[in-house]
Amino acid sequence: MKVKNLLLTILTFTTMTSCAQNNIDLSKLQLNEDAKTLIKDIPNIKSGKMFDRDDMISYGIDSKNLSYNGYVPIHVELLSYNGTVAGYAFRISSIAEQAKIESMLKEKHKNISVDKSKFLTLYKYKDAKIALELRAISKEQFEQGMFGYLDIKRIDLYEANEKLLKQ
């Protein structure tokens with residue numbers, strides 16, 4: 001009986017450890033990780049070139065292995081530039097999660113700019129390392145099926161992206 005319990009405990013621990021190792025908290029990324037290494041164990045990834053460039057890849061990921069400070073988005077676009085993770089973007093599907101993300105970003109980035117309109121609150125932040133944009137919407141808009149959206153890019157990808165958008 002003890003051996004059976006011990007084996008069950010070992011199996012449970014091994015399963016929990018392997019599952020925990022595959023979880024990625026996007027908010028903790030340094031945005032310099034090797035993209036292919038980071039996503040190697042995540043199934044069903046769709047990838048595509050951004051602007052038809054070989055050095056700019058977007059990986060579409062539907063996985064519960066990716067989270068952002070506790071929030072698990074339904075879908076994440078993980079962005080790679082020159083082979084390294086350079087950003088990510090995802091929809092926010094509830095007003096409560098949006099409020100948590102807003103609060104966290106305002107705490108972390110003290111000089112985040114806020115531009116409010118009737119339908120949208122746009123938070124923007126940019127420094128020498130990153131550029132981020134949070135498009136926060138109202139409770140009524142969530143109830144109508146709309147989503148908030150967070151987009152964070154390493155500054156070199158942001159600048160290359162902006163340049164290509166202007167062409």
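Start in S8, where Leu122 is the bridge partner of Asp115. Before going on, a word on the source. This is a predicted model, so to speak: local features need pLDDT of at least 70, side-chain atom pairs count only at pLDDT 80 or more, and totals for chains, interfaces and linings use all residues. Residues are numbered from 1 along each chain as its sequence is written, and side-chain values use heavy atoms, with hydrogens and water left out.

Back to the strands. S7 covers residues 113–116 and S8 covers residues 120–126; they pair in the antiparallel sense over four bridges. Two strands pair if DSSP finds at least two bridges between them. Helices (H or I, at least four residues) and strands (E, at least two) are DSSP runs, numbered from the N terminus. A hairpin of three residues joins S7 to S8.

Now the core. Which residues have the most contacts inside the largest nonpolar core? They are Tyr68, Tyr88 and Phe90, in a core of 31 residues. Such a core is a set of buried Ala, Val, Leu, Ile, Met, Phe, Trp, Tyr and Cys residues joined through side-chain atoms within 4.5 Å. Buried means under 20% relative accessible area, with a 1.4 Å probe and protein chains only. Elements supplying at least two residues each include helix H3 (95–108), strand S6 (84–92) and S8.

Take Tyr68. Leaving out residues up to four places away in sequence, Tyr68 touches, among others, Asp25, Pro73, Tyr88, Phe90 and Ile152. Contact here means heavy atoms within 4.5 Å.

Tyr68 also lines the largest cavity, along with Asn69, Tyr71, Glu97, Lys100, Ile101 and Met104. That cavity has a volume of about 40 Å³. On a 1 Å grid over the protein atoms alone, a cavity is a set of points where a 1.4 Å probe fits but cannot get out; a pocket is an open set with protein on both sides within 12 Å along at least five of seven lines; lining residues have an atom within 4 Å of a point. A volume is the space filled by probe spheres set on the points.

What gives the most to its lining? S9 does, with four residues.

Conventions: Buried means under 20% relative accessible area, exposed over 50%, partly exposed in between (1.4 Å probe, protein chains only).
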